[in-house]
Amino acid sequence: MLIPPPFFILLVCLVFNSLSVQAAEQNEWQQWQSEASSAYQTGNYDAAETAIRKAIARAEKADNGDIYKASSLNLLAFIQEAKDQPEQAMASLSTAVTLAKKASASPDEQLATLLFNQGVLLQKNHQLNKADSVLGESIEQFQLSQSDGNGKMWQAILLKTQILISLGNQQQALHLVSTTLSDSMDKTGAQLPLSIESDLVLSAANIQLKEGQYYQAITSLEQMKKKLNDESKLADERLSELLNLLAIAYDKSGQTDKAAAIRKQSLNAQNDSPSSMATVMQLNELGLYQQQQNHLEQAAQYYQQALSQLKLLNKEHSIEQATILGNLGALQLATHDTKAAEASLSQSLVLYQSLQKRPVEAAGIAGYLGTLYYNKRQFAKAETAFLSAVENLQKTQAATDENLLLALQNIQSLYIAWDKPAKAAQYNQAIQKIKQQLQ
């Protein structure tokens, strides 16, 4: 959405002192402008458009009514957006910006706000490159005016950051965040709101995790965590995502103990909150951690809690369900609970196959299931599972040579044990080829 209507009143009050139109014309324009704003706020958009077009017509008759017309066109854009007329709304705002540039001295806070409105509308309508450019111009106008526009400048910076990320300009986004956080008060004298600061830190952390900058992400996230702990209301809104990113950063940097501690903190913070997918995946990650630490009973409890949360969320046929069941089945297989492992792994594989997602993970589950059947001498079932593993790996470029080699060796070993040498021999060439590639 665009900036809410109070901006119109602000703009009108500010421009009256700078223009010298006749009082009667000013009063008539103000009357139609106010009527349009009131109708807009009550949802009567047709009446609002009728009134604002009369205000525009009055402004056009004034000797120097460009800034009045710009204000009216700004409101018209809101009305058109509300009436699901995005093209007309963008055209109205574009004209408003042109008129404001002609009538205002630069820098100008009202022009900066108009540019911000235009950037928001362009972004909403997927014109990201134009939105990026317009928001940059808005930010510059705010800074030169030494004003944050009642917080609009910070919103512009956050939106521009998100647009840069969407456009794949990760380094530009990081630079913008870094610059904003380091000298937020230098150019405007205004304090960066914690809500915007936290969103910027989270955006930067997402980039840093993708770029392998784990320690930079940890530093900024830990600093923000301390700030949020002092703001309970804001912490409720941001802390869950922050702790999730922080746990991932610790995991990626090899600090698994700290990652587990953060995940436990996150779960404790969510105890009184409704079930969520974030909670589910935190439980799954804690299960993996406990499994790696050989705390198998605790790991199983975390997996079961995650599955219970999925049931509450009505997500029992999801890719997350397939993942957690697979992890639980692998644990049950390691503890020789073959009956439970067979049930978990079979259900996981069926979900992967029906969803047709993550073929590498599906192949891993098929490999576990094939091993279970192989050890039970149920060769026909093992064949189905091992062949499924090979098929999944062969159809994706995400598979590694090591994974494919293991899957091929599994099916070949099965055929040898099953006394089917001809079928086993079919895999000789593929196995040798991969071995040569790995040398």
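Me: How many residue pairs are in polar contact between domain 1 and domain 2?
Reply: In this predicted model, two residue pairs are in polar contact between domain 1 and domain 2, both at pLDDT 80 or more.

Me: Which elements give two or more residues to the side of domain 1 that touches domain 2?
Reply: They are α12, residues 232–252, and α13, residues 256–269. The element that gives the most is α13, with seven residues.

Me: And how do the residues on that side of domain 1 divide into nonpolar, polar and charged?
Reply: On the side of domain 1 that touches domain 2, three residues are nonpolar, six are polar and four are charged.

Me: Where do the domains run, by the way?
Reply: The domain assignment places domain 1 at 193–273, domain 2 at 275–343 and domain 3 at 358–438. The contact between domain 1 and domain 2 takes 13 residues from domain 1 and 12 residues from domain 2.

Me: How far apart are the C-alpha centres of domain 1 and domain 2, and what area is buried between them?
Reply: The C-alpha centres of the two domains are 23 Å apart. The buried area between domain 1 and domain 2 is about 960 Å², and carbon and sulfur atoms give 55% of that area.

Me: Which three residues supply more than any other three of the area that domain 1 buries against domain 2?
Reply: Arg263, Lys264 and Leu267 do, supplying 48% of the area that domain 1 buries against domain 2. Arg263 also forms a salt bridge with Glu285, with the closest N and O atoms 3.8 Å apart. The count of salt bridges between domain 1 and domain 2 is one.

Me: How many salt bridges does the structure hold?
Reply: The structure holds 16 salt bridges. One of the salt bridges joins the side chains of Arg58 and Glu28, at 3.1 Å from N to O. Arg58 lies in helix α3, residues 45–61, and Glu28 in helix α2, residues 23–41, so this pair links distant parts of the chain, 30 residues apart.

Me: Is Arg58 buried or exposed?
Reply: Arg58 counts as buried because its relative accessibility is 17%, and the cut-off for buried is under 20%.

Me: Which residue forms a salt bridge with Glu137?
Reply: Lys101 does, and the closest N and O atoms are 2.8 Å apart.

Me: What about Glu222 and Lys225, where do they lie?
Reply: Both lie in helix α11, residues 214–229, three residues apart, which is about one turn of the helix. Glu222 and Lys225 form a salt bridge, with the closest N and O atoms 3.6 Å apart. Lys225 counts as buried because its relative accessibility is 12%.

Me: Which residues are linked in a network of salt bridges?
Reply: Asp46, Glu49, Arg53 and Lys83 are linked in such a network.

Me: Changing topic: where is Thr396?
Reply: Thr396 is in the loop between α19, residues 379–394, and α20, residues 401–417. The side chain of Thr396 reaches the backbone nitrogen of Ala398 at 3.1 Å. Leaving aside neighbours within four places in sequence, Thr396 is in contact with Pro359 and Val360.

Me: Which helix holds Leu393, and what does Leu393 touch?
Reply: Leu393 is in helix α19. Not counting residues up to four places away in sequence, Leu393 touches Val360, Ala363, Ala399, Asn403, Leu404 and Ala407. Leu393 counts as buried because its relative accessibility is 6%.

Me: And Ala389, is that buried or exposed?
Reply: Ala389 counts as buried, at 4% relative accessibility. Ala389 is found in helix α19. Apart from neighbours within four places in sequence, Ala389 is in contact with Ala363, Ala366, Gly367 and Ala407.

Methods: Residues are numbered from 1 along each chain as its sequence is written. This is a predicted model: local features need pLDDT of at least 70, side-chain atom pairs count only at pLDDT 80 or more; totals for chains, interfaces and linings use all residues. Side-chain values use heavy atoms; hydrogens and water are left out. Domain bounds come from an automatic or database domain assignment. Contact means heavy atoms within 4.5 Å. Buried area is the accessible area (1.4 Å probe) that two parts lose on being put together, summed over both. A salt bridge is a side-chain nitrogen of Lys or Arg within 4 Å of a carboxyl oxygen of Asp or Glu. A polar contact is a pair of N or O atoms within 3.5 Å; within protein, one must be able to donate a hydrogen and the other to accept it, and residues adjacent in sequence count only if both atoms are side-chain atoms. Helices (H or I, at least four residues) and strands (E, at least two) are DSSP runs, numbered from the N terminus. Ala, Val, Leu, Ile, Met, Phe, Trp, Tyr, Cys and Pro count as nonpolar, Asp, Glu, Lys and Arg as charged, and the others, Gly among them, as polar. Buried means under 20% relative accessible area, exposed over 50%, partly exposed in between (1.4 Å probe, protein chains only).
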